[in-house]
Amino acid sequence: MYAYIARRLLATLPVMAVVGIAVFLLLHLTPGDPAVVIAGDYARPEDIEKIRENLGLNEPLHVQFFSWVGALLSGDLGTSIFSNLPVAKLIGQRLEPTLALAIATIIFAILVAVPMGVIAAWRAGTLTDRVIMVFAVLGFSVPVFVIGYAMMWLFSITLGWFPVQGYKPIGEGFWPFLRSITLPTVALGIIYVALIARITRASMLEVLTEDYMRTARAKGLDNNALLIRHALRNASVPIVTIIGIGIALLIGGVVVTESVFNIPGLGRLTIDAVLRRDYPIIQGVILIFSGAYVIVNLVIDLSYTVLDPRIRY
Amino acid sequence: MPRLLTATRRAALAALAAAPMALGLGVGPASAESVLRIVPHADLKNLDPIWTTAYITRNHGYMVYDTLFAQDDKLNIHPQMVGDYSVSDDGLVYTFTLRDGLKWHDGDPVKAEDCVASIKRWGQKDGMGQKLMDFTKELKAVDDKTFTLTLNEPYGLVLDSIGKISSNTPFMMKKEHAETDPNQQVPEVVGSGPFRFVKEEWVPGAKVVYAKNEDYVPRSEPASGAAGGKVVHFDRVEWIYIPDPATAMNALINGEVDLWETPAVDMVQLLEQDENVELAVIDPLGTQGWLRPNHLHPPFDNPKARQALLYAVNQEVYLQAIVGDPKLYKECAAYFICGTPNESDVGVEALQSHDPEMAKQLLAEAGYKGEKIILMQSTDIPVLNAAALVTAQVLRDVGMDVEVQAMDWSTLTSRRAEKKSPADGGWNIFHTYATGADATSPIANIGVSGGGVDRAWFGWPTDEKTEMLRDDFAREADPMKKKAIIDELQGRLFDHVVPYVNYGQWFQPVAWRKGLKGVLVSPVPFFWNISKDSG
């Protein structure tokens, strides 16, 4: 097991190296010039050229690449071309809102979706099942920003329960934090609720028809024990897999949610940096994101051994 | 037993009382700090208003730095940091004395040598500054409070340049910072303006915080534009950047912010219906649209083809597409902004005639034979996106073969520097706009420069006569003669150069919560003089 973990962790290095090279090349070969953005619309070409020179953007591509890699190996993600602040500091400022939103969304999605999927499977073919599945289809179909604006109108402007925008760190108090994170969590979480509920239902339906379930029922087990201890546990591997995929998809999902609810997270940092061609930030954030992908996948793979003792690495 | 119950009850009450604190529900100690929260038009990404011409950095400059002279709401220039000044009889020597009480945010006094260094740095970077430096023989500090500027020959724009309201505004910085290469950012933000920049609370992309500078001594005159007393009524001003217009509108309606600098035009109607929100145009100069042809390559290297654009464009069509509400735009053909002393009606007939047949005739005379026109369309800026689509149709209507190439603004700004022919990756047309404050004179308006490949702005118009007239304007001090030069220059621009086609002038309203008082009329949003009704 430990050897497997070590192998997987070592395997992340070439993955990150490929991501790093690909991102660097894509960025630098894409049209766009941060010096032009910095100088502003009315700057003269010679001023732009001087800024480009000062920023080292005139250096050959391989020189820029090795200078970035060299700094990276010593733990330096670089400095923002625009704000002159270290990329690590900028990522640090944005990490908490994104993590809070992602974790809250996953918790919300699991707490709502798994019981929904279990109930739908248990009541398969009934009105309850159909209502839950209609909700799941809607959850897939309605874009996050539509849900976001609708909730903003109802819960913020009309009822005044939550703020329209912004993020309050948990350090400023749990209640302000909760108020700021509730609407974005629900707006972003609905699609994951739909996804996880459908997979849970499908997995549960498969398990519920197994012989051992019939045996358990014959033993006289009550519904709770039957559904949760016997059926859900055996149906959990695909559910956990889809949750893992959901976490990976969240990285894309937070971008829209952070924009709609004005949460200063990593998603918005990335978009702003892309629009301005702030190369060090884009490179730093994508490396962090790809590292997170790899770690999430590893955790999901390891969780299989807990959920299904037959799985061994 | 009763005693136990009481104790239990007390403990329970104490726990209940403590719970909100534990959960962070407590409101904490009462705070008397007053905060003005505004949604700026853009995110503050860099902090040096000389390094960049970005308007958001200029606005940041006005918060933390001060200027020697400043422009009022009638476009007149007044002393700001300067207490007294004099001009020698021959008009060659300007002597400036700083007013009392000026201090940097670190407590040091503002000295004349700081101002000399600041003007020199600005003079290397800004167009008007460079022009002023061309005419300057010597700039030196006489003592701690006095400095002189000596000219080679009389120059009519000394105070207009030093009191320039828009980018690059000549902000005064400490000597040690002002000696930084103008193409590098200053290492620190230490100004002498009415607000201090709170760097530790700056989150690029989200929030900028300014604290009231308690040491600032405002002038005694009432505030007017950038001039007069900069009296601050709030302890803090927070710029909360909200990129999504719908969210910004909801935040204003919900009272989470006090002022929104640039409400999207399609949301103006909704905001007008809200009883808690006020809307007003505070920039009387507005914004001027530019359709910029590339003067280096056919067909627009031929003056007749550029004139054809004037006949083809109908400003009303553009303004309807990009603004919609007639209250917020006006047709204005003048190059140097309607409503200013430099407005002129010489030569405007071509742009006002809306004559596609004449446009076709001029294109034929220019030898246009159906070559492909590369039109760069910036899809991420709604105004420019709409203008490009209108132009594409306008040009097709006069028989041109147009290829619209969609891209984001960042890509467009690099591509427009390309001087190669359109077939080899160059371009024929792009759109942009300039705030009125940047286009009111032949020197400030870089779009009219005829300096060619080496000195003109992207698009590279080349015309010696234009350059000569711009120089004449800069030298002239007599307002009547200046106006005559403007007329002659504008005639030349319309009849021959057509550096760009002005596709209209529009006005951006500002929205704020009712109860906010003292929002100043100016092309730049200022946050002094504003107060809030306590009720």
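Buried here means under 20% relative accessible area, with exposed over 50% and partly exposed in between (1.4 Å probe, protein chains only). This is a predicted model, in which local features need pLDDT of at least 70, side-chain atom pairs count only at pLDDT 80 or more, and totals for chains, interfaces and linings use all residues. Residues are numbered from 1 along each chain as its sequence is written, chains are lettered from A and ligands numbered from 1 in the order in which they are written, and side-chain values use heavy atoms, leaving out hydrogens and water.

**Helix H10 of chain B**

- Helices (H or I, at least four residues) and strands (E, at least two) are DSSP runs numbered from the N terminus.
- In H10(B) (residues 315-322), the buried residues are B:Gln315, B:Tyr318, B:Leu319 and B:Ile322.
- Those residues fall within an arc of 95 degrees seen down the axis of H10(B), so they line one face of the helix; the arc is that of the directions from the helix axis to the C-beta atoms.
- Among the elements covering them (contact: heavy atoms within 4.5 Å) are strand E13 (287-293) and helix H13 (382-397) of chain B.
- Just after H10(B), B:Gly324 takes a positive phi of about 90 degrees.

**A sheet in chain B**

- Four strands form an open sheet in the order E4-E5-E7-E6 (chain B), with antiparallel pairing; two strands pair if DSSP finds at least two bridges between them.
- Its edge strands are E4 (82-87) and E6 (136-141) of chain B.
- E4(B) pairs with E5 (residues 93-98) of chain B over 5 bridges, and B:Asp84 stands opposite B:Thr97 in E5(B).
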